[in-house]
Amino acid sequence: MIQRRPWHGVEWSLFIVLTGSTLLGLLYALLHMYEHELTTNIQTILAILLSYGAPFLFWRPNYINSTFYPIAVLLTGIPLQIYLSWMEQDAYLTINCPLMVIGFLTDRKNAWWTAPIFMVAVPVEYYFILHSGMGVGQLFSIILNAVLFFAIGLSLQRVVTSNEKTEKLLAENQRQYHLIHEQNNALEQYANQIEQLTLLEERNRMARELHDTVGHTFTSVIMGMDAVSYLIEAAPDKAKEKLDVLRSVTRNGLEEVRRSIHQMVPEGDMLLSQQLTRLANEFALHTGTQIRFTTVGEEFEIPKQTKLSLIRCLQESLTNAKRHGRATTVEVTLTYANDLVDIRIEDDGIGTEQLKVGFGINAMQERIFALQGTLQVSSTLGQGTVVHCSIPAKRSPSL
C-alpha cells in the first residue's frame, strides 16, 4: 500500500532512533577496525550503509510503501544482522529499530506475512544459524525481543491513527459548527427580512384601511356640512337635525377606523348585501347622491377578507365618484355566481379621458390581487366611470 503524505512526529522520532542506531554501528566498526582486515571493515561499513539507506527508498516523507519497506529490511537488514553476529558485533547493531518501523507500517493488508516472518521466522532462523547450541531459552528470548519491538511500532501506529481520527472528528465538528453558525446567521437575516416585510405590509394595510374608511367618512361629513351651511339660516331646525345625523356618522366612522386598525370586517354578523346597502344609503343621505343598489343571484357566505375587500371597493368608488366625478347618480350591482362574487359601480360623473391611478385604486388592486381577483376601472369623458371588482369565491355545498 502506497501513501503520499508528510511524516508524522512519531515517524520522525523513529527515523532519529534508527539513524542513531546506525551511527552507533558505524562507530563501533571504526573503533574495531584493527581487529579485522581492511577489506572486511570496508564490507562491514558498506553493508551497514546499505541496510540503512535501501529501506528509505520505500519509507520517506511524502512516499510510504508499507509493502516493500519490510521486504527491503528483509533483504538488507537481516543478512547484515546475521553477518555482524557472526563477527561478534550483535551487541551494538540489532534489528530492533527496523522492527519498530515495520510494526508501525503494518496494516491489515500486510500483517498476515510481516508479523509471522519478523516475529517468528527471522528469530528462529537467526537462532539456528548462530545460537542453536545455547538452548531453547535463548530462542524464546530472541522471539520475545522481536515481538516486543514489533508491538511497540504497532502501538505507535494505533496512537497515530487514533490521533488522526480525533483530528478529523475535530475538523468535522468545526466545519459543522461553522456551517450551523452560517445557517443561524442566514436564519437571523431571513427573520429580520420577514419582520421588515411584515412591518411594511402592516403599514400598507393601515394606510389602505385608513384611506378608505377616513376618506369615505370625511367625504360624507363634508358634503353634509355643505348642506347644513345652506340650511342654517333658512331652516335652523332641519340644520340641527342634519348636524345630529352628521355627528352620528362621525361616531360611526370613528368606530370603523378602530375596526380597521384591528383588521375587523365592519358588522361581521351582517350579510355583505346588507352592509353594502347601509353604506350606500348613508352615503346617499349625506351627499345628496342617488344610489340604486341591486343584488343578483343567491347570496352565500364568503370569507371575511373577500367581504372586506368588496366593502372597501364600494367605499373608494363612491368617494371618487362624488369627490372627483361630481356624480349625482350611482348604480351598484352585487352579483353572486357559483365561483365568484363581483361588484360593479357605475356613476354619471364627468369622467375623464386619462384616468389617473392614485393611492385609493392602488390599494384596491393590492387587496383584490392578493385574493386572486381582478379589478377593472374605465372612464369616459362626459359619461362617468365604471369600477368592476371580481373575486373568486366558492359556494359551500348544501347538506
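Student: Is Thr329 buried or exposed?
Tutor: This is a predicted model, where local features need pLDDT of at least 70 and side-chain atom pairs count only at pLDDT 80 or more, while totals for chains, interfaces and linings use all residues. Residues are numbered from 1 along each chain as its sequence is written, and side-chain values use heavy atoms, with hydrogens and water left out. Buried means under 20% relative accessible area, exposed over 50%, and partly exposed in between (1.4 Å probe, protein chains only). Thr329 has a relative accessible area of 17%, so the word for Thr329 is buried.

Student: Which strand does Thr329 lie in?
Tutor: Helices (H or I, at least four residues) and strands (E, at least two) are DSSP runs, numbered from the N terminus. Contact means heavy atoms within 4.5 Å, and, not counting residues up to four places away in sequence, Thr329 touches Thr289, Gln290, Arg292, Glu346, Asp347 and Asp348. The run of residues 329–336 that holds Thr329 is strand β5.

Student: What is the order of the strands in the open sheet of 5 strands?
Tutor: Two strands pair if DSSP finds at least two bridges between them. Strands of a sheet pair through backbone hydrogen bonds, either parallel or antiparallel. In this open sheet the pairing is mixed, and the order is β4-β5-β6-β8-β7.

Student: Which strands are the edge strands there?
Tutor: Look for strands that pair on one side only. In the sheet with the order β4-β5-β6-β8-β7, those edge strands are β4 (290–296) and β7.

Student: Which helix packs on the sheet, touching β4, β5, β6 and β8?
Tutor: Axes are lines fitted to C-alpha atoms, for helices over the stretch in contact, and angles run from 0 to 180 degrees between N-to-C directions. The helix you want covers residues 304–323, and its direction makes about 5° with that of β6. Its name is helix α9.

Student: Which residue takes a positive phi in the hairpin of β7 and β8?
Tutor: Strand β7 (residues 374–380) and strand β8 (residues 384–392) pair in the antiparallel sense over 7 bridges, with Leu375 opposite Cys389 in β8. The hairpin has 3 residues between the strands, and the one with a positive phi near 85° is Gly382.

Student: How many residues apart in sequence are the parts that Arg292 and Glu331 tie together?
Tutor: A salt bridge is a side-chain nitrogen of Lys or Arg within 4 Å of a carboxyl oxygen of Asp or Glu. The side chains of Arg292 and Glu331 meet in one at 2.2 Å, N to O. Arg292 lies in strand β4 and Glu331 in strand β5, so the parts they tie together are apart in sequence by 39 residues.

Student: Why are Glu172 and Arg175 separated by about one helical turn?
Tutor: Their side chains also meet in a salt bridge (2.7 Å, N to O). Glu172 counts as partly exposed at 34% relative accessibility, and Arg175 counts as partly exposed at 44%. The separation is about one helical turn because, in helix α6 (residues 136–234), the two are apart by 3 residues.

Student: How many salt bridges does the count come to?
Tutor: Another one joins the side chains of Glu11 and Arg5 (2.9 Å, N to O), and both Glu11 and Arg5 are buried. By the salt-bridge rule, the count comes to 5.
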